Amino acid sequence: MTEPNDAVTASHDAPESSATGPEEKDAPLHRRGIKSYVIRAGRMTPAQNRGLEDVWPRFGLTIADGRQDLDDLFGRQAPRVVEIGFGMGNSLIEQAETHPDTDFIGIEVHAPGVGKLLDEVDKRGLTNLRVYREDALAVLEHCLPEGSLTTLQLFFPDPWPKKKHHKRRIVQPAFVELIRTRLKPGGTFHLATDWEAYAEWMAETMEAAPGYANTASADTAPFVPRPAFRPLTKFEARGEKLGHGVWDLIYQRSD
Ligand SMILES: C[S@@+](CC[C@H](N)C(=O)[O-])C[C@H]1O[C@@H](n2cnc3c(N)ncnc32)[C@H](O)[C@@H]1O
C-alpha cells in the first residue's frame, strides 16, 4: 500500500511514458504506461495466505475472465457497488455484511489486502462480494459492463503529493469519464480523501467533467459532510490520528 511519503520516492517503480500522440495523451493512465500505485513486497500473514490460496477460487476474478454479466455472476439482480483501492478491505467487508441485498466488487493490487478481504469473506460467510487483484483501470475498461453500477467508491486514493507525480493520481479526466460510462444513469461516484490539495484536485476534475451533477448542498459544495454510511477505513483512521481533515465528494451520473 502506498503512503504519502512513499509515493514521493516511488517514481523509479513504474514505467511512465509511452505516450506519443494526442490520443494517448488523453487516455487513461494504464494505457499510457503510468501506474497510480506501487506494488510493495510485504509479509503475508497465514490468514492472508489462506484467503489468497483457498478462498480465491470461489470469489476471485481476473481480467482474463473478460466482460462480466453481473446478473449471472451474482445469480440475481441487485444494486451493484464497486470499490477501487480497498486497501485492507475494512470498509468493503463492513458494507457487504450490513447490506446483504447489494452486490459488491472490490479492486485492489495489494496482495495482503486482497488476502485479508477474502479470508474475512469466508469467515463471515458472505456471498455478495467478488474481488479483482488487478489495476482498476483495466478492470473498468475490459470487465465491467457499461451502465451497470449503482455506486463507485474511491476512498483515500494515494495522493501523490509531489507535483512531478501528479500524473500518477488516479483521478484524471479520462478516469472519471470511464467511471461515468460504467455507472447507471443516476448512479453515484463517491470520492473521499484526507489530503486537502487532492480534495481540491478531485473537485476541480469532477466539476469540469461532463455528465456529472454534484449532490452537495449550496452551503457545503463542492464537498458533502462526511456521510455516516461510509465506514471508517484504515487510512482514514490513520489520517485522523495525524490531525488530517476529511473531504467527501458525491457526484451523480446525469447524462
Ligand atoms: C492510500 S491506500 C487507501 C486504502 C483504503 N481505501 C483505505 O482508505 O484504507 C490506496 C490503495 O489504492 C490501491 N490502488 C492504487 N491505484 C490502484 C489501481 N489502479 N488499481 C487498484 N488498486 C489501486 C493501492 O494499492 C492502495 O492499497
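This is a predicted model: local features need pLDDT of at least 70, side-chain atom pairs count only at pLDDT 80 or more; totals for chains, interfaces and linings use all residues.

Biologist: Which residues of H9 are buried?

Modeller: Tyr198, Ala199, Met202 and Ala203. Looking down the axis of H9, the buried residues fall within an arc of 140°, so they line one face of the helix.

Biologist: And which ones are exposed on the other side?

Modeller: Over there you have Ala197, Glu204 and Ala208.

Biologist: What do the buried residues of H9 pack against?

Modeller: Two strands, S6 (183-193) and S8 (247-253).

Biologist: How far apart are the end C-alpha atoms of H9?

Modeller: They're 19 Å apart, which agrees with the 18 Å that its 13 residues should span at 1.5 Å a residue.

Biologist: OK, switching to the site. Which residues does UniProt list for "binding site"?

Modeller: The unreviewed UniProt entry lists Glu83, Glu108, Asp135 and Asp158. They span 76 residues in sequence, but no two of their C-alpha atoms are more than 14.3 Å apart, so they gather at one spot.

Biologist: Where is Glu83 found, and is it buried or exposed?

Modeller: Glu83 is in strand S2, residues 80-84. It counts as buried because it has 26 C-beta neighbours inside 10 Å, where 20 or more is the cut-off.

Biologist: What does Glu83 touch, not counting residues up to four places away in sequence?

Modeller: Leu92, Phe104, Gly106, Gln153 and Phe155.

Biologist: And where's Asp158?

Modeller: Asp158 is in the loop between strand S5 (149-155) and helix H8 (173-182). With 24 C-beta neighbours inside 10 Å, Asp158 counts as buried too.

Technical notes. Residues are numbered from 1 along each chain as its sequence is written. Helices (H or I, at least four residues) and strands (E, at least two) are DSSP runs, numbered from the N terminus. The expected span of a helix is 1.5 Å times one less than its number of residues. A residue is buried if 20 or more other C-beta atoms lie within 10 Å of its own, exposed if 12 or fewer, and partly exposed in between; C-beta atoms are placed from the backbone. The arc is that of the directions from the helix axis to the C-beta atoms. Two residues are in contact if their C-beta atoms, placed from the backbone, lie within 7 Å. UniProt positions are given in the numbering used here, feature names are shortened, and annotations may be inferred rather than shown by experiment.
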